[in-house]
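Dear colleague,

I am passing on a structure that you have not worked with before, and below it you will find my notes on what turned up in it. Please read them with the structure open beside you.

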Amino acid sequence: MYKENKIVAAVVFALFAVAGVAAFSFKSTAKIFPIFCCVLGMVCSAALFISVVTKEHKAKPVFHAKAVDAQTRKKMIIMVALIAAYVILISLIGWTVSSLLFMLAVSLYMGVPGMSRKKIVLISVAVIVVYYLIFKSFMNINLPTGLLF
């Protein structure tokens with residue numbers, strides 16, 4: 001288990017390092033927060049690595065994640081696919097439509113106890129309209145547009 005935790009810590013550290021280097025290409029003030037987050041992530045993953053090495057040296061047990069059942073694994077894979085589709089669709093059809101489709105897909109797939117499909121659709125549309133108004137009208141932020149919006 002020590003080996004797996006060290007590998008995870010090293011991979012996460014590398015991912016944050018790559019993202020941090022990529023963040024340096026942002027404009028002057030826009031890169032501050034992403035770089036901060038990446039450095040924080042690198043510090044946390046380094047701390048995890050050091051913790052695992054220390055526990056291994058002292059022969060103390062480390063965290064052991066429980067196995068995920070097949071149904072939960074399937075839900076996780078579908079959610080990752082939905083998120084990937086959402087990211088791709090933002091540039092193709094715009095933020096408004098892709099966000100509405102994503103919100104509907106996640107809500108309908110995961111299910112909301114005690115809520116009808118009609119209510120899910122109405123709430124999704126209302127939330128997207130409110131977000132759109134907040135970003136566009138109040139904050140004057142241009143949302144990504146695509147073929148539709």
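Phe102 lies in helix H4, and in this predicted model that residue counts as partly exposed, because its relative accessibility is 23%. Leaving aside residues up to four places away in sequence, Phe102 touches Leu82, Ile83 and Tyr86. Ile7, on the other hand, is 95 residues from Phe102 along the chain, and the C-alpha atoms of the two are separated by 33 Å.

How many aromatic pairs does the count come to? The count comes to two. In one of them, Tyr86 and Phe102 are stacked, with 4.6 Å from centre to centre and 25° between the planes. Tyr86 belongs to helix H3, which covers residues 70-93, while Phe102 belongs to helix H4, so this pair ties together parts that are 16 residues apart in sequence. Tyr86 itself counts as buried, because its relative accessibility is 18% and the cut-off for buried is under 20%.

The rings of Trp95 and Phe135 also pair, and here the centres are 6.4 Å apart and the planes stand at 65°, so the arrangement is edge-to-face. Trp95 lies in helix H4 and Phe135 in helix H5, so the parts tied together by this pair are 40 residues apart in sequence.

Is Ser107 buried or exposed? Ser107 is buried, because its relative accessible area is 17%. Once residues up to four places away in sequence are set aside, the contacts of Ser107 are with Val112, Ile120 and Ser124.

Turning to charged side chains, the structure holds one salt bridge. In that bridge the side chains of Lys6 and Glu56 meet, with 2.8 Å from N to O. The two residues link distant parts of the chain, as Lys6 sits in helix H1 (residues 2-23) and Glu56 in helix H2 (residues 32-58), 50 residues apart. Glu56 counts as partly exposed, because its relative accessibility is 34%.

The chain has five helices and zero strands, and read along the sequence the pattern is α-α-α-α-α. Its radius of gyration is 21 Å, well over the 15 Å that the globule rule gives for 149 residues, so the chain is more spread out than a compact globule. Taken along the principal axes, the C-alpha atoms fill a box of roughly 55 × 45 × 25 Å. Of the 149 residues, 18% count as buried, and the accessible surface of the chain comes to about 10900 Å², with 75% of that belonging to carbon and sulfur atoms. Among the contacts in the chain with a separation of 6 or more, residues 24 or more positions apart account for 63%.

Which residues make the nonpolar surface patch of about 950 Å²? The patch is made by Val121, Val125, Val129, Val130, Tyr131, Tyr132, Leu133, Ile134, Phe138, Met139 and Ile141. Of these, Phe138 is found in helix H5, which spans residues 117-138, and Phe138 is exposed, because its relative accessible area is 69%.

One backbone detail remains. Asn140 is found in the segment after H5, and the phi angle of Asn140 is near 55°, which is a positive value in a residue other than glycine. Asn140 is exposed too, because its relative accessible area is 65%.

Methods: Residues are numbered from 1 along each chain as its sequence is written. This is a predicted model: local features need pLDDT of at least 70, side-chain atom pairs count only at pLDDT 80 or more; totals for chains, interfaces and linings use all residues. Side-chain values use heavy atoms; hydrogens and water are left out. Patches are made of residues with over 30% relative accessible area and no salt bridge: like charges are joined within 9 Å, nonpolar side chains (Val, Leu, Ile, Met, Phe, Trp, Tyr) within 5 Å. Accessible areas come from the Shrake-Rupley method with a 1.4 Å probe; for residues, only the protein chains shown count as cover. A salt bridge is a side-chain nitrogen of Lys or Arg within 4 Å of a carboxyl oxygen of Asp or Glu. Helices (H or I, at least four residues) and strands (E, at least two) are DSSP runs, numbered from the N terminus. Buried means under 20% relative accessible area, exposed over 50%, partly exposed in between (1.4 Å probe, protein chains only). Contact means heavy atoms within 4.5 Å. The radius of gyration is taken over C-alpha atoms; the globule rule is 2.2 Å times the number of residues to the power 0.38. Rings of Phe, Tyr and Trp (its six-membered ring) pair if their centres lie within 6.5 Å; planes under 30 degrees apart count as stacked, over 60 as edge-to-face and the rest as tilted.
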